[in-house]
Amino acid sequence: MALRIEDYALVGDGRSAALIGRDGSVDWLCWPRFDAPACFAALLGTSQHGHWRIAPGDPQSRAVRRYRPGTLVLETTHETATGRVRVTDYMPVNDGLHLIRLVEGLSGSVAMRMDFVVRYDYGSAVPWVSRNEHDDLRAIVGPHKLVLRTRVPLRGVGRSTVSEFTVDEGRSHSFVLSYGPSHEDDPAPIEPRRELRRTTETWLAWSGRCQGGTPWDEILGRSLLTLKALIYTPTGGIVAAPTTSLPEQIGGVRNWDYRYCWLRDSTFTLLALMDAGYLDEARAWRDWLLRAVAGSPEQAHILYGLGGERLLPEIELDWLPGYENSRPVRIGNAASQQFQLDVYGEIFDALFQAQERGLEGDETGVRVGLALLEHLEKVWHEPDEGIWEVRDGRRHFVHSKVMAWVAFDRAIRYYDKHSRNGARDATVSRWRAVRAEIHREVCEKGFDPDLNSFVQAYGSRHLDASLLLMAHVGFLPQDDPRVIGTVEAVGRHLMRDGFILRYDTEHQTTDGLPAGEGAFLPCSFWYADNLIRLGRCAEARAMIERLLAVCNDVGLLAEEYDPVAGRQVGNFPQAFSHVALVNTLLNFSRATGPAMERAGSQDAAGPS
Ligand SMILES: OC[C@H]1O[C@H](O[C@H]2O[C@H](CO)[C@@H](O)[C@H](O)[C@H]2O)[C@H](O)[C@@H](O)[C@@H]1O
C-alpha cells in the first residue's frame, strides 16, 4: 500500500517528476513527460503496479530526509542497528531522461535491498526484461525502454528484479535508470557524480536569484523550486500537479488528473514567479499561452496539454484500485470541455502584470488579446462552470463575473498606458461600458444585504471562498464594507478547524459530486491575505503559521488538508497551494505585496 501523501518527496528535471517515499520507494514516475503513462504507479495501487525501492533490509530502520538546500536533490538517511546509509536521489537537468540513486555508507555496515518492478501503462504492461551487451538491465514494452545501470549484482525474481548488497562506511554504489524510445539505441551512459555536481549547481544558480526577504525564506524558496519543477521546460507549460487521482477525500470519487496546464493555475504560478524575480519562466509561459489559445477565440479552452494539446478525454483506469481504494483512477480531464469565465480575467491580468514588470509584449500578443476580448464581450453574461469546475450545470458565479470585469479592466488600463496601441477609441469606450455594466450587475445581484456578504452565485445564499479574491484583483477596495462583510461571513461559515473550505459541500452547495472533501489550501492563504490587508496582522500570522505547519518535512503541500484526519489529501505537490503560499508570505512581508500590486489603483475599481 502507498504511504501517506505527506510521506512523499518530489524530484524532477523540468520534463517529468518522480515521487519517492520515505521508505525509499519510487512509487510514481511518468516518462518521457509529466502526462505520459506511468511506469511506476504503486502510488495508485500496489507494489505490483510498479515501484523501485532501495532501502535497508532491516524493517526497523528509521529514515530522515531533506533536500540539499536550494536544490531538488533529495537525501534520505536511513539509520539501522548496524550503521547509517544515505540514498541521494536526483534527475539530471542537463541531458537526457534519467533518475539517479546514489547509495553511500555513512557509518558501520548496512545490508540493503533493491526491488525493481517496471509496469508501463499505469501499472498494466509487464516489460520484456533482458541484458544488453554491457550487461545493463533493459526493460522494453512497445514504444518505451528503460535501462538500469549499476555494478551491484541483480537477479530476477518472478516478474521483478532484486538485489541484496552491503554498504560499508565510506563506500558507495550508484543506480542510474534511463529512459529512451525503444526503437532507438540505448540511452548513452552518464557519470552519476558529475551529473550530481552539475544538477546541484544548476538548481543553486536558479535558487540564488530568488528575491525573498520574508521571515520564512527557506519555505518560500522550497515552494518556488517546487513550482519550477512543475514547468515543462521544452514548451514553458506549467502543470497543476505531477500526479493524477490522489483523492480529495480518502475513499471518495473526487480523483482527477492534474498533469495538464490550467490557464488559471498557471497564471497564478506566473504571478508568483514574477514577484519572486523570475522573469524568464514568465516569458516562456506567456509565449506558451499565446500559442495555446491561438486560433478561434470561441474555441479557447480552460486547460491544455503540456504542448497546448486540446483533446484530453477523461477515462477511468479500472485495473488500478486507487490510492487507499479511492476509485476511480482517472486520466484526462473532462473539465477541459468546460466554460469558465474567470480564465479570461486570469489571462489579461497575467499579461498586464507581465507588461508592468518589464516583459516586452509583441504584435501577436496584442492581436490575440483583442480577439479574446471581442469574444468575451459576447459571452460574459452567460452562466459558467466557475473556478471550482462544478459538474452539475452552469451558474452565474460571482467570482467568474468579477474576473470578466478584470479582463476588461486590465485591457483598459493597458491601452490607456500605451496610447491605445492596437485598439480604436470606440473599442476602448465600449470596454469601459462593459466594465461598468459588470460591476453594477455583480454589486446588485451578487451581494446579499441580509448576509452582508457577496454570495457564490446570483440569487444564491451560499458562500464561496473564491469571493476572498475580490479585493485582491481590485474589484472593490479592501476596506469596502461589503468586502469586509464577505471576509467575516466566509470566516464564520466556511472555517473548519482553522482552515477555510472552498464551499460547503456537506450542507449547502452541490457540485455534482458526493459531499465531503478536505480544506482546499489556497483558500486559507487567501483568507490570510485579506487579514493582512485589513491590518489584522496577528490573526494573519497565526493563520500562516497554521498553514506552514501543514507542509511536510521537506516543505511540500498537496491540494487539500483534512484537518480532522490531520493529513494531506489531493494531488501532490500542487502548484495552486504553493503559489498561494508564496503570495501570502510576500504579502505579509512587503509593504506592497502581490495582492496590493494586483489590485492596482483603486480608481480602476469604480463603476465607470
Ligand atoms: O472539484 C471538481 C473539479 O476538481 C478539479 O479542479 C480543481 O483543480 C483544478 C486544477 O488545480 C483547479 O483549477 C480547479 O479550480 C479545482 O476545482 C478537477 O480538475 C476537475 O476536473 C473537477 O471537475
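Just after helix H5, Gly-295 takes a positive phi of about 120°, a value that, like the others given here, comes from a predicted model.

**Helix H5**
- The buried residues in H5 are Glu-281, Ala-282, Trp-285, Arg-286, Trp-288, Leu-289, Ala-292 and Val-293.
- Viewed down the axis of H5, these buried residues fall within an arc of 165°, so they line one face of the helix.
- An α-helix has 3.6 residues a turn, so residues three or four places apart point the same way.

**Glu-560**
- Glu-560 belongs to strand E27, which runs over residues 560-562.
- Because 31 other C-beta atoms lie within 10 Å, where 20 or more are required, Glu-560 counts as buried.
- When neighbours within four places in sequence are left aside, the contacts of Glu-560 are Glu-248, Glu-517, Gly-518, Ala-519, Phe-520, Leu-521, Val-569 and Gly-570.
- Although Glu-560 and Gly-251 are separated by 309 residues in sequence, their C-alpha atoms are 15 Å apart in space.

**Ligand shell**
- The ligand is surrounded by 13 residues, of which the closest are Ala-240, Trp-256, Ala-335, Trp-388 and Glu-389.
- Sorted by class, this shell holds 8 nonpolar residues, 1 polar residue and 4 charged residues.

Notes:
Residues numbered from 1 in each chain as written. Predicted model: local features only at pLDDT ≥ 70, side-chain atom pairs only at ≥ 80, totals over all residues. Near = placed C-beta within 6 Å. Nonpolar A, V, L, I, M, F, W, Y, C, P; charged D, E, K, R; others polar. Helix = DSSP H or I, 4+ residues; strand = E, 2+ residues; numbered from the N terminus. Buried ≥ 20, exposed ≤ 12 C-beta atoms within 10 Å, placed from the backbone. Contact = placed C-beta atoms within 7 Å. Arc of directions from axis to C-beta.
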